[in-house]
Amino acid sequence: MIVHRLRFVPCDVQAINCLAFAENGKLALSRADGSLELWNPAENWLQEVVISASKDSSIESLVWCKDRLFAAGLNGLIQEWDLHKQRPLATVESFGVPVWCLAANHIEGYLAAGCEDGSVKLYGVGEDMGGLTCAGTLNIQERRVMSIAWTKSGKHVFTGGIDSTIRKYKVKSGSCQLRITLDEHQLSKDTIVWDLKCLSNDSVVGALSTGKLQIFDGRLGTLKQSFESHKADVLALAVSADERTLFASGIDQKVLRLNWITASEQFVTSESVLVHSHDVRALAISWSGQLVSGGVDSQLVLYSQELFGDKSSAIIFPPFPHNHQHYQLINDVLAVQRQKSLQFWKLQTVPKGTDIKSTPYHPNPHYLLQIKANGDDYVKCFALSSDAKLCAIGTDNAIWIYQLSLDNGQVTGLNKLDYCAYRMMFVCEAKLVLLSTDGAVDLAEGITCSNLSRVKDATRAGLPFLIGSSRDGMRVALSYIDRSGCVVDLHKNKPGILNVPRLPSIVTAVNFVRDNVVLCCASHEVFCYNLVDDKLTQWINADTGSLLTGPIIGIFSTMIPKPLLVLYGHYDVVLIDQQVFQQAKIAKTGSKRKLETPLQTSFSWSGLPVQGHVSSEYILYAKSTVAGDLCVVEKPWEDIVISLPPALLRHKYGAS
């Protein structure tokens with residue numbers, strides 16, 4: 001079997017702007033293009049939600065308040081997000097001025113927004129979702145507010161600006177009660193306060209553009225401690241729940257830890273670690289003590305508190321979505337979704353006789369054509385028919401249907417559907433399954449996909465997480481964030497919905513193999529649901545670890561050169577003999593169709609009949625070609641670094 005390694009595929013990586021942990025442990029993350037992500041540490045750090053960027057979207061700050069997520073940005077909007085339906089639930093304006101920072105008062109349920117014009121605007125979040133309202137404005141300072149923090153009592157707000165000043169406001173009166181003047185930067189006139197944190201002992205911690213981390217008395221405004229901790233601007237701070245540990249990061253890529261010494265009642269510098277290649281813009285620490293960082297290099301990094309100074313103990317998460325919805329390979333034509341366009345590439349013929357272990361890079365790809373989104377719209381999703389003659393592109397408020405003639409590079413517009421879809425899939429040559437933003441499932445039929453019919457209503461489970469279809473296109477499998485799933489039968493004479501038993505972990509990949517639905521979980525367990533017998537089998541357990549690093553992001557089957565099941569993640573592709581299905585014992589389910597034990601009927605990863613194993617960094621997509629070869633879309637870290645802006649130059653000892 002030949003492995004086509006595709007490294008030419010363009011891939012847009014975006015810097016991480018903000019990080020924020022919720023009380024339930026989930027992590028909200030925003031990127032430079034305005035996209036929003038939700039990560040679940042309890043599910044092996046699964047990327048549960050990815051809300052792609054839209055026109056004029058901007059997120060400069062993220063906060064949680066009353067288990068609800070709020071965001072603000074340079075578009076002058078403060079928004080509450082509905083993560084189940086993946087859209088804004090409530091939006092209020094900052095009266096036309098960009099918002100640079102946002103802080104939450106968890107006691108009384110208020111937000112404070114620092115704005116471009118020097119104002120601090122207050123908003124009430126209300127008791128119910130969607131209850132965001134304007135509550136007032138504090139006295140306007142002279143210039144932009146870059147950072148903001150509430151005191152523990154909720155009666156005062158500290159702000160940091162670009163004019164070498166930290167201010168303290170009384171919320172009730174809106175007046176400024178204290179001004180702390182900072183030392184001016186040696187290279188410029190003013191010092192910028194990039195981040196602020198308030199402690200319970202009335203101290204205020206500031207991250208400054210001078211490379212210093214300074215701690216002030218919040219009542220008197222006097223300097224208590226000063227650390228020349230970084231070689232350039234300190235951009236982000238994080239404080240543990242018990243306030244005994246303080247973290248700082250900045251342009252010099254270093255993450256520094258400071259520990260509280262009870263005897264002297266002071267912070268002292270401890271270990272530091274360099275994992276990122278570029279500026280570290282954001283830090284966040286959960287209630288349980290998990291520390292994460294992100295920045296210009298677009299990677300999310302998880303640190304071990306016990307082995308903090310050891311770089312090898314840090315876990316780096318790839319800067320790519322945990323799904324393959326941005327790519328599709330049909331008849332050796334690769335479709336690639338970009339932010340505002342859809343590109344098509346043709347795979348060239350590679351001589352036979354190459355073994356899987358050699359895995360050559362694919363030579364001379366042929367660029368076919370590009371379809372651009374209408375106007376300033378962003379591409380949200382796309383689908384390509386099984387014969388590569390029909391293409392559907394979903395934008396913010398419409399679906400565009402095109403007819404393709406890839407041989408001569410012609411594109412013909414067929415129809416425009418006024419439909420908001422966040423995912424879709426062609427299941428037959430002219431049948432398009434649509435997942436709407438309200439959670440319903442619709443079927444569009446006909447050459448122009450104009451005949452719409454509802455096949456499944458919205459449920460409380462929210463939006464389907466994944467979608468997969470059978471070979472004949474008559475069945476569609478859906479999985480949800482709450483670990484539930486269903487199979488939708490699209491036959492007109494016997495339509496129906498078959499609910500899949502709830503699994504012990506969230507499904508990360510789903511597909512059909514004959515009459516079975518194969519479901520890969522975040523726990524690296526793999527289940528097989530037989531549609532004919534209505535039985536569930538735990539096919540692979542994770543007792544002995546896994547052959548894959550990170551989540552399983554894709555699964556498919558191929559019959560050439562022999563029946564194989566292919567599972568892949570961001571670092572590995574594993575090929576398994578499909579005959580194992582006939583050998584696996586089926587665990588019967590009870591009357592309530594619950595998953596049964598014992599688990600000894602399943603295989604361990606170490607006991608699987610593995611026919612091949614391909615490793616890479618990073619794998620974005622994998623699929624079999626018409627000839628039965630393996631196509632792997634990958635993006636090495638070296639190629640990503642080239643596209644990033646220059647990092648701060650660090651002198652290496654002994655280098656000239």
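**Entry 1: Confidence**

I began with the pLDDT, the predictor's confidence in each residue from 0 to 100. The protein chain averages a pLDDT of 86, and 91% of the residues score at least 70. I noted that residues 353-359 have a pLDDT below 50; beyond near neighbours in sequence, this stretch has twelve contacts in the model, a contact being heavy atoms within 4.5 Å. Residues 584-600 also fall below 50, and this stretch has 25 contacts beyond near neighbours in sequence. Where pLDDT is low, the predicted coordinates should not be read in detail.

The model is predicted, so local features need pLDDT of at least 70 and side-chain atom pairs count only at pLDDT 80 or more, while totals for chains, interfaces and linings use all residues. Residues are numbered from 1 along each chain as its sequence is written, and side-chain values use heavy atoms, with hydrogens and water left out.

**Entry 2: An open sheet**

I looked up the order of the strands, which are DSSP runs of E with at least two residues, numbered from the N terminus. Four strands form an open sheet, β6-β7-β8-β9, with antiparallel pairing; two strands pair if DSSP finds at least two bridges between them. At the edges are β6 (61-65) and β9 (87-93), each of which pairs on one side only. On average, neighbouring strands of this sheet are turned by 25° against each other, direction ignored; the axes are lines fitted to C-alpha atoms, and angles run from 0 to 180 degrees between N-to-C directions. Between β6 and β7 I found five bridges in the antiparallel sense. C65 has R68 in β7 as its bridge partner.

**Entry 3: R68**

I then turned to R68, which lies in strand β7 (residues 68-72). Is R68 buried or exposed? R68 counts as buried because its relative accessibility is 5%; buried means under 20% relative accessible area, with a 1.4 Å probe and protein chains only. The side chain of R68 reaches the backbone oxygen of V125 at 2.6 Å and that of G126 at 2.9 Å. Not counting residues up to four places away in sequence, R68 touches several residues, including V63, E80, E127 and D128.

**Entry 4: Cysteines**

How many disulfides are there? I counted zero disulfides, a disulfide being a pair of cysteine sulfur atoms within 2.5 Å. C101 is in no disulfide, and its nearest cysteine sulfur, that of C115, is 7.8 Å away. C101 counts as buried at 6% relative accessibility, and C115 counts as buried at 0%.

Technical notes. Buried means under 20% relative accessible area, exposed over 50%, partly exposed in between (1.4 Å probe, protein chains only). A polar contact is a pair of N or O atoms within 3.5 Å; within protein, one must be able to donate a hydrogen and the other to accept it, and residues adjacent in sequence count only if both atoms are side-chain atoms.
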